[in-house]
Amino acid sequence: MNQAPSELVHGIYQSLVDGGSWPELVLGLADHVDRTATAEQIAAQNKELLDHFDRADVLNTQLVGPEMAGRRVQDTLGQAGPDIQLIDDDGTVVYNTDGASGQQATQNVRTRLARCVAKNTVESWLESTDGHPHIYILVPRTQTQQLDIASPAHHVLLSRAVDLTNVVHRFAAQHDLSGAETQLLIAFLRTTDLRQAAAALNITYETSRKYLKSIFSKSGQSSQAKLIRALLLNPLMLLPTPTQPTEPVRALRRFALLPNGRTYRYFTLGPESGRPIFYIDGIRGGTLDCLGHYNEVSAQLKQMNLRLIANSQAYSTRPKPGAIWTDFAQLAEDVGQLFAELGFSQLPVLTHGYGAHTALGIAHARPDLFPHMMLVSPSNPEFKHNNWREMDFSYHLIHVVARKWPQLLERVLPLLSRSMRKDIDGFNAKTARLAKCAHERAIFTCPLFLERSRRLMDVFDDAEIEHFIEEIKLHARPRLFDLGAIQTPITLFHGKEDQHAPLAGARQLASQLPNATLHELPGMGHHHMLAEWDWMMPLALDPPTQSFNPPPASRRGSLLAAPNPE
């Protein structure tokens, strides 16, 4: 067996304590993989490297002791404000965010802890303290890894004074519950017994079961215990109630049961009477789905009289991700049936990043679906930059590592994502420093973008990582369709300073498409669409001419000028 390069081995373990070292590690891995001729040779020569990643994954769960847990609690949960105790097997509180440690937990907590350990289950309950309801969540050490704040050596007790009505209304807004379903959920949360909840609302038990079944369907839960857990373990549910709440604009998350038997999950944003655009960020959605600041985005769409119909397949707080597509022909079938269910024969499509590859695959399989395509910052999986080492680490990971050694991707991404969850603001800050233009730096330091990133990481769990890995593999493999057969009119916008999808790749893509026009944007990077919505989005419906002159990068988009999120 060949010995793994010492600098890579060092980098793997260094990444456990220094998340900022990941770009260098990924570049080193990509360089190592690129020098090996075939995937078979890579696998044969580098088994030891995979073993080191496996060991690092184990160490990652063991290195988080009480001191590190305290720091991570402050970093990741401090804004949400729950009180946290780490408890030993004998009931001793070894860490406490709201008091002294070294004392015994209360008798009630110790009794519940014994029950949790015996059944290996999470227990949650409501308790009145000083006349105010508190949510308590007791997590045995065998399940604390899901919280990402403690080592497996300690049990975790979370608690917070909450407004139960506010908790349920937030959950209802996320899952589009009806008024009757919301009221039942409030009563059920207070009693944790469906019969008692039905009696409190003066409805029959059968009616309450019908409402609960609908709640299960909309929220993706399958039991009463899982529903309570989804309500009380969701970090967003522990956020304090604003002192002067405003009525939020909601993205309406919807489900379509297609004639082929598959369920398509999507959402709409903007006025229902607005001119519709189908949006694709990637096969499983992402950017818009977790943007979170619907008020600001919706105001832009209302002003432009636009309605977005977007994939809502990933990063959307649902524990069970939506349909998994294994090829673009299958996805095209689903999209066509979704359009028919919505009453459309075709819609213009707007894409960002890898969404371009997805949309082109759909257009090849179903040329009738898109009258016009607008590809923003399109990634071209067939193009390899001559100076790829100058690109960002996402490019290294997807276009080099994933293509030549997919098995390594399965080891890297879980560790990388956990590292990013610990310090997503630090990752964004480093990305901003490495950006080649002021426009991209402004986006990565914009409060709206930072909040979006935090929300993405909040729900980017291990299940989503598995789907993300499969998505990357699909994008990394050779294209299985002929671009020259796509006759749809296509407009491409690409920043000249894009470090994730090189401009040369967009130029190659445009040259291979029979009816495409490329507009190059000086002084802009990969994420410019997140700032420049107000002039870009209408062009998906009304394509620009070849002589179109885009606004300068110095102008800045309206979303960058939006007020800081609360």
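This is a predicted model: local features need pLDDT of at least 70, side-chain atom pairs count only at pLDDT 80 or more; totals for chains, interfaces and linings use all residues.
Q: Which residues of helix α9 are buried?
A: Helix α9 spans residues 194–201. Its buried residues fall within an arc of 100 degrees seen down the axis, so they line one face of the helix. Those buried residues are L194, A197 and A198.

Q: Which exposed residues does the face of α9 turned away from its buried side carry?
A: The buried side of α9 holds L194, A197 and A198. Turn to the face pointing away from that side, and you will find the exposed residues R195, A199 and A200.

Q: At the start of α9, to within what distance of the backbone nitrogen of R195 does a side-chain oxygen of D193 reach?
A: R195 is one of the exposed residues on the face of α9 turned away from its buried side. Its backbone nitrogen has a side-chain oxygen of D193 within 3.1 Å.

Q: What span is expected for helix α10 at 1.5 Å a residue?
A: Helix α10 covers residues 205–219, which makes 15 residues. From first C-alpha to last, α10 reaches 21 Å, close to the expected value of 21 Å.

Q: Why do the buried residues of α10 line one face of the helix?
A: The buried residues are S208, L212, I215, F216 and S219. An α-helix has 3.6 residues a turn, so residues three or four places apart point the same way. Seen down the axis of α10, the buried residues line one face because they fall within an arc of 100 degrees.

Q: Which residue just after α10 takes a positive phi?
A: α9 is followed by N202, with a positive phi near 60 degrees. Just after α10, a positive phi of about 85 degrees belongs to G220.

Notes:
Residues are numbered from 1 along each chain as its sequence is written. Side-chain values use heavy atoms; hydrogens and water are left out. Buried means under 20% relative accessible area, exposed over 50%, partly exposed in between (1.4 Å probe, protein chains only). Helices (H or I, at least four residues) and strands (E, at least two) are DSSP runs, numbered from the N terminus. The arc is that of the directions from the helix axis to the C-beta atoms. A polar contact is a pair of N or O atoms within 3.5 Å; within protein, one must be able to donate a hydrogen and the other to accept it, and residues adjacent in sequence count only if both atoms are side-chain atoms. The expected span of a helix is 1.5 Å times one less than its number of residues.
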